[in-house]
Amino acid sequence: MHKILIVGEHDGKTLNPATAKCVTCAKGIADGEITIAVLGADTAAVAAQAAALAGVKAVLRVDRAENQHPLAAVFAPQVAALAADYSHIFGPSTSFGKDLMPRVAALLGVAQVSDLMAVEGPFKFRRPIYAGNAIITVEADSAAKVIATVRVASFEAAAGGGAGVVELKSVSAALPAHTRYVGAKSGSTDRPDLQTAARVVSGGRALGSAENFKLLFSLADKLGAAVGASRAAVDAGYAANEMQVGQTGKIISPEIYVAIGISGAIQHLTGIKDARTIVAINKDGEAPIFEVADFGLVGDLFQIVPEFEKLVG
Amino acid sequence: MKKIMVCIKRVVDYNVRVRVKPDGSGVMLDGVKMSVNPFDEIALEEALRIKERGSGIEVVAVSIGVADTQQQLRTALAMGADRAILVQTDTAVEPLTAARTFLAVAKKENPDLVFLGKQAIDDDANQTGQMLAAIWERPQATYASKVEIADGKATVTREVDAGLETIEVDLPAVITVDLRLNEPRYVKLPDIMKAKKKPLDVTSLEALGVSASVLLKTVKTEPPAQRQKGVMVKDVAELVDALKKKGLL
């Protein structure tokens, strides 16, 4: 039997949906038993959410004051200590998991499989390299622990209705004081979360200004969509960094992705290739985005977007 | 602050469209343009800016790779690094081996800061900085978009999924950099000439006492599944109709 530990991501109140996707990934390992660990100052609420995910056997609550903020240097020794009882330790391939998991792997002296996109066997996995231009199959040492970050766009979220057993777990690990949380600034919005939204409207450099991005926000609100951006638009200051979609930004898999004024650099396409349907609106009919779009429309976005908004309303 | 170490990787240039070998044994790298990993260029630029603001700070560029990696280290020297170290090896090293190698160098050099790119654009692993920080038992500040150094501490603003997060770390520390930290300078011809005279030491994994163990075996390399090219619609009305028919609106 394989014992799989998933490091749950949360903000103290809500379990991040990436965790439910890690559960689905873990279910791909035959004869596996799934446990979720949640680290925080008070994890009662998120532990209950984790326990409700179908297929989860147990939830470990690691509550201590130092875990108020998810600092990798503080979390890693605790996760490494928990790892003793498990064969596989998974985290989401989000900024939280990507920061934390390699630190855990190094403490354990093992390799990490980054961006695990498919399980081929208990120790055999597929992952993308070169911005998704190639997919490799890697085999981990079956005698060592497997550490992985799970490419969340590759998996559906596990359903609810589970009844995992929640237990308080005390972990003895020396925690460093050399890393301190100062604060956070989020572009807090009522719009759906980009990483998990079913609909995403995304803009590129052709928008021309931050002001013009309001066109997209307006359309997105009509569609109930999240708003994303290409790297070019973020670099130009038209959109916030957390909106970036692509190789070095967010990898997403919405039902519908509307790319507006985005030419479609390979680094951007790697972030959207798991979208169910891609719509491209661009004035350049030769733009590479049309090579991957299910529906393409060539024209002036400043005419098309308001018209689109009117017709879907 | 006396010394900053910057770790640099030689990678396929980001403009090259990488292709998979027909026999699935890897990607085609023969005759392909190689460059400094773009994120590592940003890391070096940040180190140089800290050096230029302070006084008496040395910037050391370190890389692991084939003999030709000297080209990328010469670029680093031309940008302004004071000296370079190449840990020469013909085998591709995994992130944990890279981290162990950089740790061995750090133990000799005793830098106050180690900068790396957040990921290399070849294997997209995003691990080496975090692993180095772990085994060095020092803080890590990943995905930096702003770095301030004062009083033996670094205050780092990080690009995270929810927006921006700020943490404070004691030095020495490992900082991995994100895209928007700075815009790397262009190298000028006189700097390239000057760089030829700067010291570039070559050492080996063996000399550093690091073994290049293979922990993850790559058994197959394949091209990604291609999306089918879709249809072009002539106007917004046709687009909306098509989306409604698919149940998407």
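**Entry 1: the sheet of chain A**

In what order do the seven strands of the open sheet in chain A run? I read the order as S5-S9-S4-S1-S2-S3-S10, with parallel pairing. My rule for pairing is that DSSP finds at least two bridges between two strands. Helices (H or I, at least four residues) and strands (E, at least two) are DSSP runs, numbered from the N terminus.

Before going on, I noted that this is a predicted model: local features need pLDDT of at least 70 and side-chain atom pairs count only at pLDDT 80 or more, while totals for chains, interfaces and linings use all residues. Residues are numbered from 1 along each chain as its sequence is written, and chains are lettered from A and ligands numbered from 1 in the order in which they are written.

Back at the sheet, I found strand S5 (112-116) and strand S10 (165-168) of chain A at the edges, each pairing on one side only. Neighbouring strands are turned by 25° against each other on average, direction ignored. For such angles, axes are lines fitted to C-alpha atoms, for helices over the stretch in contact, and angles run from 0 to 180 degrees between N-to-C directions.

I then looked at one pair: strand S1 (residues 2-7) and strand S4 (residues 88-92) of chain A pair in the parallel sense over three bridges. Ile4(A) stands opposite His88(A) in S4(A).

**Entry 2: helices on that sheet**

Helix H2 (residues 44-51) of chain A packs on the sheet and touches strand S2 (32-40), strand S3 (56-63) and S10 of chain A. Its direction makes about 165° with that of S3(A). Contact here means that the C-beta atoms of two residues, placed from the backbone, lie within 7 Å.

Helix H3 (residues 72-82) of chain A lies across S1, S2, S3 and S4 of chain A, at about 150° to S2(A). Is H3(A) largely enclosed or largely open? Ten of its eleven residues are buried, so H3(A) is largely enclosed by the rest of the structure. The buried ones include Phe75(A), Gln78(A) and Leu82(A). I call a residue buried if 20 or more other C-beta atoms lie within 10 Å of its own, exposed if 12 or fewer, and partly exposed in between.

**Entry 3: chain B**

I counted seven helices and 13 strands in chain B. Its C-alpha trace spans about 65 × 45 × 40 Å along the principal axes, and buried residues make up 46% of its 249 residues.

Helix H3 (residues 95-109) and helix H4 (residues 128-136) of chain B pack at an angle of about 50°, with axes 8 Å apart. H3(B) and H4(B) are therefore oblique to each other; angles under 35 degrees count as roughly parallel, over 145 as roughly antiparallel, 65 to 115 as roughly perpendicular and the rest as oblique. Among the residues that meet are Leu96(B) and Phe102(B) in H3(B), and Met131(B) and Trp136(B) in H4(B). By class, this contact has eleven nonpolar, one polar and one charged residues. Ala, Val, Leu, Ile, Met, Phe, Trp, Tyr, Cys and Pro count as nonpolar, Asp, Glu, Lys and Arg as charged, and the others, Gly among them, as polar.

**Entry 4: where the chains meet**

I found 63 residues of chain B in contact with 68 residues of chain A. Which element gives the largest share of the side of chain B that touches chain A? That is S9(B), with eight residues.

Strand S11 (residues 179-186) of chain A pairs with S9(B) in the antiparallel sense over seven bridges. There, Ala184(A) stands opposite Glu165(B).
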